[in-house]
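Thanks for coming, everyone. Please look at the screen.

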Amino acid sequence: MTDFSGVGAMKIEAVEGREAAHFLPVVKRLPVALVEGRGSRVRDAEGGEYTDLTAGWGVTCIGHCHPALVEAISTQAGRLMQTTNLFYNLPQLDLIERLAVLTPDALTRSFLVNSGAEAVEGALKLAHRATGRAGFVSTEGSFHGRTLGALRVIGQAKHREPYEQLILPSTVVPYDDLDAARAAVDSRVAAFIVEPVQGEGGVHVPRDGYLRGLREICDAAGALLIADEIQTGMGRTGRLMGFEHDGVVPDVVTLGKGLGGGFPVAGFLTTEAVAATVKLGDHGTTYGGNPVACAAANAVLRVLTEEKLVERAASLGAKLMERLRSFATEHPELAEGVRGRGLLVGLVLRDAEKAGTIPLRAVDEGVLVNVTAGRVVRFFPPLNIPEDDLWPAVDKVLALAAG
Ligand SMILES: Cc1ncc(COP(=O)(O)O)c(C=O)c1O
């Protein structure tokens, strides 16, 4: 039994009614108001408990409210919450040093911001400063965030089209297609931005060598390679960074989601060569690098290492893929296959309509799970989810897929 305190008791109808009056209705919600989380378990305002296979959208990589994270945030909150960039702050200093140590040697410089989309914006600006060019190439189905700069490179038309008039053009090529990338990256291109595994787009894992090929293409054209690690970073794929699977070092790396383990913090990393092209005033932020956010990220990075969670993502992810693959083999009429790396795994169902009903039906079974790209059931639980919580939840989702 999870040790929940029972705070926030309220009927879901009351929550829905109050929110309907004031919330800007741009997102669809399931009828669940979450009030507490512990590890891979969450509790709602009516007392219902769930296994969280969404990890708060891939964020709570060390589980909800890990004691080390709570302690780091509380201690820093009681000490100093905000400094502005005018002053040095020690948690930020620790974090940029830690990031430099944990990532390939060439990635020495970083800048902290508040959300993934902001990290992408910073990366695009950096690529423009470094190359003097204004073109960008990204991939079909990609997701890079909702701000106008990030929408410029998003590969999902549904997010981009409503704002087309506000967005500068860029080129979108098929994912995992080096010929298309080669044809698109020329001397006008500042950067190619790519997710090492496409998450929102339906958990697409490229062929080995894709990022290496992109590296060569970008080098030949004098363009930068940006790895968007907002979903794949922080151990999610079984390596600290997704690009490590392909043995390349990008020029710029964006981080978010798992970096703060639930506290909003993101950032972008780069090399000395790229960093040398910026000058004072080229970028800035009020909250970015905030001491509490940095204390959170430092705690997450410590826990990932101490609890060997990157390795666990690799080993448990392999078992999860095996379990889902046997389901797909047993039910070829229901499932097209399984894609994934580490604990970012998608079960591709055939029937999109039925797939779309799974998240709501799973709520009744005590499981939070998400479907992306229409019919891909995405499993991205906390990296430290106990197996006795994972397997019953997976079985329930599979029963829903079959039922
Ligand atoms: C790969 C990738 N990039 C960028 C983002 C945007 O991050 P945020 O929602 O924090 O702005 C996301 C969010 O899902 C993402 O998956």
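Disulfides come to zero here, counting a pair of cysteine sulfur atoms within 2.5 Å. Cys61 is in no disulfide; the nearest cysteine sulfur, in Cys65, is 13 Å away. Cys61 is also buried, at 2% relative accessibility. Buried means under 20% relative accessible area, exposed over 50%, partly exposed in between, with a 1.4 Å probe and protein chains only. Cys294 is buried too, at 0%. Its sulfur is 15 Å from the closest cysteine sulfur, in Cys61, so that is too far for a bond.

A word on the source. This is a predicted model: local features need pLDDT of at least 70, side-chain atom pairs count only at pLDDT 80 or more, and totals for chains, interfaces and linings use all residues. Residues are numbered from 1 along each chain as its sequence is written, and side-chain values use heavy atoms, leaving out hydrogens and water.

Next, salt bridges. The whole structure has 20, each a side-chain nitrogen of Lys or Arg within 4 Å of a carboxyl oxygen of Asp or Glu. Which residue pairs with Lys319? Glu387 does, at 3.1 Å, N to O. Lys319 lies in helix H12 and Glu387 in helix H14, so the pair ties together parts 68 residues apart in sequence. Helices are DSSP runs (H or I, at least four residues), numbered from the N terminus. Lys319 is partly exposed at 39%, and Glu387 is partly exposed at 30%.

Another bridge joins Arg41 and Glu49, closest N and O atoms 3.2 Å apart. Finally, Glu36, Arg38 and Arg43 are linked in a salt-bridge network.

Technical notes:
Helix = DSSP H or I, 4+ residues; strand = E, 2+ residues; numbered from the N terminus.
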